[in-house]
Amino acid sequence: MGSTPKNVLAALTAALLWAFAFVAPAAVRPASELLLVTGRYSLFGLCGLYVLWRGRKQLRLMPTRRILFGLYIGFVGYFVFYVCVSYSATMDSGFITAVVVGSSPITIAVAGNFAEKRLAWRELIAPVVLIIVGLGLLSVFDLIQGEDLESANDSIVAILLAVGAMLTWSYFVVRNAQSQRTWETRPDPALWAGLVAMGAGGASMALLPFAIASTPPETFEPYPLFKIIAWCVFLGVIASWWGTLIWVKAAQGIPVPLVGPLLATETIFGAVLNLPVENRLPTWSEIIGALFVLAGIGVYMVFDVRNSRLRGSGGGGGDDEERNADAPDVPAALAGRE
């Protein structure tokens, strides 16, 4: 199916909605990061609960282990992921967090390559090296500027949290994709999305009282309270639920070579949107580091799209003999975000 301007615009809209997740932690201060996470995913979970209630007859036919796996993968891939993102963004910079998390296609490629070989390992060397150099440039800025030890330590911890978010999301994408391909009967997509949402929402609802208790009192004054509620509604319902629906529908009308670059715009949107919130311009170290990360993603996508075309045409030479013939045409790395 050919691409249309409407599909591309819809995909960009979804990426923009997801990118606000990197802005929110700084925007809702003095609210705690945990309150934002639990508020967001409590609402997201309620959306999932509504879908599960409507499909309760189908849900009864689903094996218990699949239900539990759906809840588990939602908890890890959404709740744990955004906890890492939120604390990383407030400890250092949402700009850096967005760029680091945006390198997840590479970790997904490396992890997925162990399970089903899409690329020759040598083709992953250049993307991985570019990503590592980029992350190094992003993480050394505070040290280069001679910041105090506490600030430098916060920056390092923030980078580690962002890397944790990247690895958590990569784990979610790979495990979710593997399960969908290995099960004899695939679950209904809406029902599966409901289970994933409830996995994140259930943990959020359980921790919401603690998040409220640990939030500074000034958060519950009228304006800060309105702001945190508005952000939770926006992220939980509009960005997470509606944004994903937009992406899924848009991606059906976009060729595979365009899906990756469109999804990568989330990283660019997230990084750019954070600059006005932080009231600053990016440093040269951040700009160069971000370019290295984006270059790594771009090189990986070129290799992956080329190999997808070779598989589709039945060619590919000796390296393709090592690849799994059942590998999907669309990389797991190009799955929808939140």
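**Helix packing, ring pairs and a nonpolar patch**

Tryptophan 231 and phenylalanine 234 sit three residues apart in helix α11, about one turn of the helix. Helices here are DSSP runs of H or I with at least four residues, strands are runs of E with at least two, and both are numbered from the N terminus. The model is a predicted one, so local features need pLDDT of at least 70 and side-chain atom pairs count only at pLDDT 80 or more, while totals for chains, interfaces and linings use all residues. Residues are numbered from 1 along each chain as its sequence is written, and side-chain values use heavy atoms, with hydrogens and water left out.

As for the overall picture, the protein chain has 14 helices and zero strands. Of its 338 residues, 51% count as buried. Buried means under 20% relative accessible area, exposed means over 50%, and partly exposed is what lies in between (1.4 Å probe, protein chains only). The accessible surface of the protein chain comes to about 15,600 Å², and carbon and sulfur atoms hold 69% of that; the areas come from the Shrake-Rupley method with a 1.4 Å probe, and for residues only the protein chains shown count as cover. Among contacts in the protein chain with a separation of 6 or more, 89% are between residues 24 or more positions apart, a contact being heavy atoms within 4.5 Å. Helix α5 (residues 94-101) is mostly covered, with eight of its eight residues buried. Phe95, Ile96 and Val99 are among them.

Next come the rings. Rings of Phe, Tyr and Trp (its six-membered ring) pair if their centres lie within 6.5 Å; planes under 30 degrees apart make a stacked pair, over 60 an edge-to-face one, and the rest are tilted. By this rule the count comes to 16 aromatic pairs. Tyrosine 41 and phenylalanine 44 make a tilted pair, at 5.8 Å centre to centre with 55° between the planes. Both belong to helix α2 (residues 33-54), three residues apart, about one turn of the helix, and both are buried. Tryptophan 231 and phenylalanine 234, by contrast, pair edge-to-face, at 6.0 Å centre to centre and 85° between the planes. The two partners fall on either side of the burial cut-off: tryptophan 231 has a relative accessible area of 17% and is buried, whereas phenylalanine 234, at 21%, counts as partly exposed.

Ring pairs also link Tyr41, Phe44, Tyr78, Phe81, Tyr82, Trp169, Phe172 and Trp241 into a cluster. Tryptophan 241 is in helix α11 and touches Phe44, Cys47, Gly48, Val51, Ala193, Ala197 and Gly236, leaving aside residues up to four places away in sequence. Its C-alpha atom is separated by 9.6 Å from that of leucine 43, 198 residues apart along the chain.

Helix α11 (residues 222-251) gives the most to the patch, with seven residues. Isoleucine 229 is in that helix, and it is partly exposed, with a relative accessible area of 48%.

A cis peptide bond, with omega about 15°, joins arginine 29 and proline 30, and proline 30 lies in the loop between α1 (5-27) and α2. Proline 216, in the loop between α10 (189-213) and α11, touches Pro30 and Ser32, again not counting residues up to four places away in sequence. Proline 216 and proline 30 are 186 residues apart in sequence but 6.9 Å apart in space, C-alpha to C-alpha. With a relative accessible area of 25%, proline 216 is partly exposed. Tyrosine 300, in helix α13 (residues 284-313), is buried at 4% relative accessible area. Its C-alpha atom and that of proline 127, 173 residues apart along the chain, are separated by 5.7 Å.
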